Amino acid sequence: MSQRELVVLGTASQVPTRHRNHNGYLLRWDGEGLLFDPGEGTQRQMLQAGVTTTGITRIAVSHFHGDHCLGLPGVVQRINLDRVPHPVDAYYPASGQVFFDRLRHASVYHATADLRERPIAGPGPLEAPGAPFELSAVRLSHPVESFGYRLTEPDGVRLRPERLRELGLRGPLVGQLQRDGRVEVDGRTVLLAEVAETRPGQRFAFVMDTRLCDGVAELAEGVDLLAIEATFLEADAALAEEHGHLTAAQAARVAAEAGVRRLVLTHFSQRYPDLQAHRAEAEKHFDGEVVIAEDLARIPVPPRR
Ligand SMILES: [Zn+2]
């Protein structure tokens, strides 16, 4: 069984606290590792979490506020120091190219790695060479240009063992059926559709930072795991709207309407020392599992249906 999980590196918005690092998340998905929004201190949090730079295949930045990108210089230099042997694709809003340039070249180092810049000019599918999934960007609503990311595994086909048995299919005949879509057995033609069912691909979305907008719902639609900012509580909804953020209730309502399976709330304002109210507020609107993200937590993608 392949491993698919979200490794939480930090959960604080704006400023770190004694218990919460700046943002940072590594999504481990089979052989891929997508590092989202590396805030300050991400390199050390990776060490604490037991993940290495060789596990990073892509970096995705939602926007260029410091809590979402100030970890880039350290991570980029560490990728080079560690001589990561595979290419690393970096996605970020094209409007922030000047910031990416500065962060990438913040100080002197010996470049060894193949870091491929993939600035995002507008919403839509992203180039993701070698990925076993489709990656797309969706525009969000924040004081600076911000994109959310959605990862979609294509649907597959699963053979039903009891049907294979009933029809007396085994060994090389099964291989032939998978290859050709049909096979002759006991003088009868069996079609792949008779013994197979669709295996739905898994989906993940990363929604950070934004006020409520259509893009949030588009990203969340039908995902197995949703990592979403819940900077504020509903009592502070006016602040959320003004600063371009979500409340726990808003995030939970979107998740409920979108049919999300596991909801991960994160990016908390330092004004809330205790997050029980975030949980209570989310659970009022969302029946599925609510996870209040904690630094260094590992949150599995729910098992396939
Ligand atoms: Zn922001």
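**Aromatic pairs and a zinc site**

Me: Are Phe-36 and Tyr-149 buried or exposed?
Reply: Phe-36 is buried, and Tyr-149 is too. Buried means under 20% relative accessible area, exposed is over 50%, and partly exposed sits in between (1.4 Å probe, protein chains only). This is a predicted model, where local features need pLDDT of at least 70, side-chain atom pairs need 80 or more, and totals for chains, interfaces and linings use all residues. Residues count from 1 along each chain as its sequence is written, and side-chain values use heavy atoms, without hydrogens or water.

Me: OK, zinc next. Which residues are the protein donors of the zinc ion?
Reply: His-63 through NE2, His-65 through ND1, His-142 through NE2 and Asp-209 through OD, at 2.2 to 2.4 Å from the zinc. Donors are N, O and S atoms within 2.8 Å of the metal (3.2 Å for Na, K and Ca); water isn't among the atoms, so a site may look incomplete.

Me: What spacing do the zinc donors follow along the chain?
Reply: The spacing is H-x1-H-x76-H-x66-D. His-65 sits in the loop between strand 4 (58–60) and helix 2 (72–81), while His-142 is in the loop between strand 8 (134–139) and strand 9 (147–152), so this pair ties together parts 77 residues apart in sequence. Helices (H or I, at least four residues) and strands (E, at least two) are DSSP runs numbered from the N terminus.

Me: And how accessible is His-65? What about His-142?
Reply: His-65 is partly exposed, at 29% relative accessible area. His-142 has 11% relative accessibility and counts as buried.

Me: Back to the rings. How many aromatic pairs are there in the whole structure?
Reply: Eight. Rings of Phe, Tyr and Trp (its six-membered ring) pair if their centres lie within 6.5 Å; planes under 30 degrees apart are stacked, over 60 edge-to-face, the rest tilted. Trp-29 and Phe-133 make an edge-to-face pair, with 6.2 Å between centres and 85° between planes.

Me: Where do Trp-29 and Phe-133 lie?
Reply: Trp-29 is in strand 2 (residues 24–29) and Phe-133 in the loop between strand 7 (124–125) and strand 8, so the pair ties together parts 104 residues apart in sequence. Trp-29 and Phe-133 are both buried.

Me: Then why is the Phe-36 and Tyr-149 pair called tilted?
Reply: Their ring centres are 6.0 Å apart and the planes are at 50°, so the pair is tilted. Phe-36 lies in strand 3 (residues 32–36) and Tyr-149 in strand 9, so parts 113 residues apart in sequence are tied together.

Me: Which residues form one aromatic cluster?
Reply: Tyr-25, Phe-36, Tyr-149, Phe-204 and Phe-206.
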